[in-house]
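Please keep the sequence and the model in view while reading.

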Amino acid sequence: MIIKIAQLFFRFLFLVALQVLVLNHIQWSGYINPYVYAFFILMLPIETPKWLLLIIAFILGLVIDMFSDTGGMHAAATVLIAWARPGVLRLIAPRDGYEPETKLSPQVLGFRWFLTYTSMLILLHHLVLFYVEVFRFSEFFSTFFKAVLNAGITVLLIILGQYLFGRGNRHERFIG
Amino acid sequence: MRNLFLFLWRYNFFIFFLLLEVLCGYLIIRNKSFQRSSFVNSASQVSARVNSSISGITEYINLKNANEALARENAGLKSLYPDVYYVDSALKRLANDTIYKQQYTFITARVINNSVNRRNNYLTLSRGEKHGVAQEMGVITSDGIVGIVKDVSEHYSSVMSILHKDSRISARIKKSGYIGSFVWGGYDPFKGELKDIAKHVKVMPGDTIVTSAFSAIFPEGIMIGTVNEVNTETGSNFQEISVNLSVNYGSLRHVYIVQNNMRAEQINLEENQHDN
């Protein structure tokens with residue numbers, strides 16, 4: 001249990017550092033700024049209580065906000081996906097439901113399941129974030145395009161990260 | 001009453017979610033206003049320190065460019081030095097303190113955090129209250145204007161870049177003297193727009209756009225950019241003018257914070273006018 005919490009804590013630090021030190025500084029064509037940190041909420045263990053999800057999301061969002069001068073925009077978007085997560089998990093559950101302590105990774109639940117899961121929540125996160133940032137209807141379509149493009153890049157980065165670093169659990173699929 | 005509690009208990013998760021979202025909304029609105037500074041910003045101690053050490057590294061890498069820019073500016077300043085000039089007239093003028101009252105003072109600052117790719121961009125500077133920085137002071141560099149100070153902590157300040165949705169700067173076409181307002185259209189950190197210039201005014205590509213004397217924030221005649229494209233065939237009475245910005249906002253290192261010593265006087269006077 002303690003090891004698991006320590007693992008999650010390090011993942012939190014890693015994702016925040018990656019976002020704040022690297023991804024926030026991409027200055028390429030003015031369109032590209034993926035927000036990979038939201039992946040932390042998607043990856044939390046399946047048995048995490050709902051209220052704890054919301055609190056963790058709020059803290060994560062505020063930390064990112066603190067580094068990028070955005071008030072509470074990231075917190076708002078992250079809390080929203082934390083709220084939506086249990087519903088999305090129920091919506092796309094496998095036929096016999098989830099087994100206890102299932103790891104939410106493509107190695108365990110399959111690539112298509114993982115792709116649907118991440119793209120639904122990441123797209124929701126990016127749409128909310130970009131619309132709150134612009135807060136104006138006159139730029140509706142350009143904002144939409146920007147949100148979808150960045151959500152795509154974020155999902156791509158997450159999947160790459162999963163196959164590069166999500167180690168060791170390949171055999172679980174055959175056992176469980 | 002019992003039903004109310006039952007209701008609250010049943011939907012506790014949703015109500016908790018709503019509460020957190022309302023709190024976020026409050027923080028966002030608070031962050032937007034100039035007058036009340038927010039507490040979630042990059043001028044806060046922890047994030048500013050991290051940003052400061054990171055910028056130390058990138059600054060070292062970019063030392064060569066920074067040196068070149070400073071040398072250029074030195075050369076420019078040297079040519080203004082009185083000893084450079086040959087005094088052609090025998091007449092001597094006496095400069096008197098009662099005539100030359102200093103209006104602007106400049107505070108140098110280092111950029112420790114910066115962005116150009118969002119819709120609303122901010123910078124963090126390494127100067128704060130301790131060095132005399134206050135809200136709504138202008139920020140410029142040797143190439144042109146940069147932004148307006150939004151929040152100040154003891155050692156750091158956070159600046160709203162002119163690459164921001166709400167930035168609107170009173171600008172003048174240097175050649176003809178017509179006044180318009182400069183805004184950033186979004187997406188391209190190298191281009192902006194000049195608005196409110198009537199159709200009869202002749203504007204040519206390449207014309208220089210500078211700040212006007214109207215704002216109490218920037219000194220007059222600070223460079224904004226040059227005209228890129230002019231479109232007079234619009235539906236309104238005004239032209240559409242696209243401007244090439246003179247500053248490369250992606251590579252800002254050293255900037256100056258402008259302190260207007262007569263700002264309070266100007267603002268007071270102008271406010272009196274509104275009351276009448």
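The lining of the largest cavity is made up of four nonpolar, eight polar and two charged residues. In this classification Ala, Val, Leu, Ile, Met, Phe, Trp, Tyr, Cys and Pro are nonpolar, Asp, Glu, Lys and Arg are charged, and the others, Gly among them, are polar. The model is predicted, so local features need pLDDT of at least 70 and side-chain atom pairs count only at pLDDT 80 or more, while totals for chains, interfaces and linings use all residues. Residues are numbered from 1 along each chain as its sequence is written, chains are lettered from A in the order in which they are written, and side-chain values use heavy atoms, without hydrogens and water.

A cavity is a set of points, on a 1 Å grid over the protein atoms alone, where a 1.4 Å probe fits but cannot get out, and its lining residues have an atom within 4 Å of a point. Grid points are joined across faces, edges and corners, and the volume is the space filled by probe spheres set on the points. Two cavities of 30 Å³ or more are present.

| Cavity | Volume | Lining by class |
|---|---|---|
| Largest | about 130 Å³ | four nonpolar, eight polar, two charged |

Of the 14 residues that line the largest cavity, A:Phe67, A:Ser68, B:Asn113, B:Asn114 and B:Arg118 are the closest to its centre. Two or more lining residues come from each of helix H3 (50–68) of chain A, strand S1 (104–114) of chain B and strand S2 (122–125) of chain B. S2(B) gives the most, with three residues. Helices (H or I, at least four residues) and strands (E, at least two) are DSSP runs, numbered from the N terminus.

The second largest cavity is lined by A:Tyr35, A:Thr70, A:Met73, A:His74, A:Leu129, A:Glu133 and B:Arg118. Helix H4 (73–91) and helix H6 (111–134) of chain A each supply at least two residues of this lining.

How many residues of chain B are in contact with chain A? Contact, meaning heavy atoms within 4.5 Å, joins 34 residues of chain B to 40 residues of chain A. The area buried between the chains is about 3,500 Å², and carbon and sulfur atoms give 61% of it. Buried area is the accessible area (1.4 Å probe) that two parts lose on being put together, summed over both. In chain B, the residues B:Phe13, B:Asn117 and B:Tyr187 lose the most area to chain A, together 23% of what that side buries.

Between chain B and chain A the count is zero salt bridges, a salt bridge being a side-chain nitrogen of Lys or Arg within 4 Å of a carboxyl oxygen of Asp or Glu. Over all chains, the count is six.

Definitions and conventions:
On a 1 Å grid over the protein atoms alone, a cavity is a set of points where a 1.4 Å probe fits but cannot get out, and a pocket is an open set with protein on both sides within 12 Å along at least five of seven lines; lining residues have an atom within 4 Å of a point.
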